[in-house]
Amino acid sequence: MSYFVLIGDLVASRELDNRAEVQTRFQDAVSELNRSLRGRWATPLKLTAGDEVQALTQIPAVFISIITHVSETLAPVQISWGIGFGQLATAFEDDVAKLDGPCFHRAREAVEAAKKSSRALQVAGIEEPDATSLSALMNLIGSIRSAWTERQLEVVRKSRGRVQKDVARSLGVDPSTVSRTLALAHYRPVLEGEDAARGLLTKLGNRAVHASSSQ
């Protein structure tokens, strides 16, 4: 059976002065995702070696929520992401660290390529032009995110899933201030890019499920 695998790896993690604190935030982000998105993947998200997260699923659109939440939780620390698609070679277990196969090998190849080229995300095992389109979308979003100030990041995180007047109230500012901050952060184009990436991954997931059922 074929699966999609996501691997996220902290960039230059051993050089971080606050590595322990970053790892704690990383673990907290993963735990929150396992609670809020339960049932969207084949096995729970798991940190491996403290600096890396892995996910296995047949519903790859969920990867955008993972990338977004972890990246915004750990910012300004950078993370390289790799997505791989392929067969699972080992017997299935509920521990992603014990699984192996071409889907993992391709995700590993992709994340290493992303790190080497200083890109946010790389894809392997997915046919063109979908692979290039997905990588381009997520790398553009990653470039925008990396330029956010601390204040812009705070406002963006508080704005996800909330109306601006509630965000303004929680921050003790005028709604127009929130609106200006989000505009400077290019928040709407980021949301549109994330939606486009989810749509592309949904199409890829549906295609993979159909192909598996027809075999």
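At 52% relative accessibility, Lys98 counts as exposed (buried is under 20% relative accessible area, exposed over 50% and partly exposed in between, using a 1.4 Å probe and protein chains only). Its salt-bridge partner is Glu93, with N and O 4.0 Å apart, and Glu93 is partly exposed at 37%. A salt bridge here is a side-chain nitrogen of Lys or Arg within 4 Å of a carboxyl oxygen of Asp or Glu. The model is a predicted one, where local features need pLDDT of at least 70 and side-chain atom pairs count only at pLDDT 80 or more, while totals for chains, interfaces and linings use all residues. Residues are numbered from 1 along each chain as its sequence is written, and side-chain values use heavy atoms, with hydrogens and water left out.

Across the whole structure, a search turns up 15 salt bridges. Side chains of opposite charge can pair when their charged atoms come close. One of these pairs is Glu32 with Arg35, whose closest N and O atoms are 2.8 Å apart. Both sit in helix 1 (residues 19–36), 3 residues from each other, or about one turn of the helix; helices (H or I, at least four residues) and strands (E, at least two) are DSSP runs, numbered from the N terminus. Glu32 is partly exposed at 32%, while Arg35 is exposed at 52%.

Now to how helices pack. Two packed helices are described by the angle between their axes and the distance between the axes. For helix 1 and helix 2 (residues 62–74), the axes come within 9 Å and cross at roughly 150°; axes are lines fitted to C-alpha atoms, for helices over the stretch in contact, and angles run from 0 to 180 degrees between N-to-C directions. The two are therefore roughly antiparallel (over 145 degrees; under 35 is roughly parallel, 65 to 115 roughly perpendicular and the rest oblique). Among the residues making the contact (heavy atoms within 4.5 Å) are Val22, Phe26 and Glu32 of helix 1, along with Ile66, His69 and Leu74 of helix 2. Asp28 is also found in helix 1 and is partly exposed at 47%.

Helix 5 (residues 150–159) has a buried set made up of Gln152, Leu153, Val155, Val156 and Ser159. Viewed down the axis, these buried residues fall within an arc of 165°, so they line one face of helix 5; the arc is that of the directions from the helix axis to the C-beta atoms. After helix 5 comes Gly161, with a positive phi near 75°.

Most residues other than glycine have a negative phi, and most peptide bonds are trans. Ala75 and Pro76, though, are joined by a cis peptide bond with omega about 10°, and Pro76 lies in the loop between helix 2 and strand 4 (79–87). Another cis bond links Glu128 and Pro129, with omega about 5°. Ser118 has a positive phi near 55° and is exposed at 68%.
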